Amino acid sequence: MDVRLLEILVCPVCKGPLENRKPAAELVCKGCRLAYPVVDDIPVMLEDEARQLGPEEV
């Protein structure tokens, strides 16, 4: 995923920063406890497509 794109992307729910988790192919918002999938290097920034993080994942 392009580093410049990661610098400008924010969580669509809270507008907070995102953490790139390459092995899981996800962008994670720790504030909302949501993980947005990255499919073919394209982030899917829809709240309905995000996965809720478990307590051990944050």
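The model is predicted: local features need pLDDT of at least 70 and side-chain atom pairs count only at pLDDT 80 or more, while totals for chains, interfaces and linings use all residues. Residues are numbered from 1 along each chain as its sequence is written, and side-chain values use heavy atoms, with hydrogens and water left out.

One helix and five strands are present in the protein, where helices (H or I, at least four residues) and strands (E, at least two) are DSSP runs numbered from the N terminus. Their order from the N terminus is α-β-β-β-β-β. The radius of gyration is 10 Å, close to the 10 Å that the globule rule gives for 58 residues, so the protein is as compact as a globular protein of that length; the radius is taken over C-alpha atoms, and the rule is 2.2 Å times the number of residues to the power 0.38. Along the principal axes, the C-alpha atoms fill a box of roughly 30 × 25 × 20 Å.

Of the 58 residues, 29% are buried, that is, under 20% relative accessible area with a 1.4 Å probe, protein chains only. Among contacts (heavy atoms within 4.5 Å) with a separation of 6 or more, 22% join residues 24 or more positions apart.

Glutamate 26 lies in strand β2 (residues 26–29). Its relative accessibility is 10%, so glutamate 26 counts as buried. Leaving aside neighbours within four places in sequence, glutamate 26 is in contact with Glu19, Asn20, Arg21, Ala35, Tyr36, Pro37, Val38 and Arg51.

Definitions and conventions:
Buried means under 20% relative accessible area, exposed over 50%, partly exposed in between (1.4 Å probe, protein chains only).
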